[in-house]
Amino acid sequence: MNDESQNTMGSPTPEELREQVERTRDELGQTVEALAGKADVKAQAKEKAAAVKEQAASASAQIREKTAEATRLVKDKTPEPLWEKAEQGAKAARDNRTPLLAGGALLIAFLLIRRGRRHNR
């Protein structure tokens with residue numbers, strides 16, 4: 001308060017007191033809101049999770065981009081006959097899964113029978 005805002009007795013006017021009370025209420029309200037925000041752990045956790053999720057999405061996009069670029073580089077530098085052989089090998093592996101599965105099943109059956117015989121002794 002300045003000197004002009006005081007009446008002749010040196011004390012503030014009722015209007016000045018009301019304004020001062022209103023300013024104090026506003027400041028107190030802002031302080032309470034700030035403290036409530038700091039105390040709201042759940043909201044802080046959500047904000048942090050959102051930030052981490054955004055960073056992960058960005059990193060994932062960068063990795064996909066780099067992987068695609070590396071794939072293009074390898075494909076560009078690999079001779080065509082080698083690509084053809086690799087494709088043939090992949091196709092043969094896909095087509096020949098049945099004998100591999102049958103062999104695995106026989107191996108498992110053999111091991112189970114062997115284990116059963118050991119327990120009977």
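Start by selecting Arg 18 and Glu 15, both of which sit in helix H1 (residues 14–39), three residues apart, about one turn of the helix. The model on screen is a predicted one. Show the side chains of Arg 18 and Glu 15: they meet in a salt bridge, with 3.6 Å from N to O. Side chains of opposite charge can pair when their charged atoms come close. Colour the two by accessibility next. Arg 18 has a relative accessible area of 53%, so it is exposed, since the cut-off for exposed is over 50%. Glu 15, at 44% relative accessibility, counts as partly exposed.

Stay in helix H1 and select Glu 16, which also belongs to this helix. Is Glu 16 buried or exposed? Glu 16 is buried, yet it has no salt bridge. The nearest side chain of opposite charge is that of Arg 23, 8.8 Å away. A salt bridge needs a nitrogen and an oxygen within 4 Å.

Move on to helix H2. Select Glu 69 and Arg 72, which both lie in helix H2 (residues 41–77), three residues apart, about one turn of the helix. What do Glu 69 and Arg 72 form? They form a salt bridge, and their closest N and O atoms are 2.7 Å apart. Glu 69 has a relative accessibility of 37% and counts as partly exposed. Arg 72 is partly exposed as well, with a relative accessible area of 45%.

Next select Lys 77, still in helix H2. At 70% relative accessibility, Lys 77 counts as exposed.

Now select helix H4, residues 97–120. How many of its 24 residues are buried? The count is zero, and H4 is hardly covered. Its length can be checked in the viewer. At 1.5 Å a residue, the 24 residues of H4 should span 34 Å; the C-alpha atoms at its ends are 35 Å apart, which agrees.

Within H4, select Arg 97. Arg 97 has 49% relative accessibility and therefore counts as partly exposed, because exposed requires over 50%. Draw a distance from Arg 97 to Leu 17. These residues are 80 apart in sequence, and their C-alpha atoms are 89 Å apart in space.

Finish on Leu 111, which is placed in helix H4. Leu 111 has a relative accessible area of 43%, so it is partly exposed.

Definitions and conventions: Residues are numbered from 1 along each chain as its sequence is written. Side-chain values use heavy atoms; hydrogens and water are left out. Helices (H or I, at least four residues) and strands (E, at least two) are DSSP runs, numbered from the N terminus. The expected span of a helix is 1.5 Å times one less than its number of residues. Buried means under 20% relative accessible area, exposed over 50%, partly exposed in between (1.4 Å probe, protein chains only). Lys and Arg count as positive and Asp and Glu as negative; His and the chain ends are not counted.
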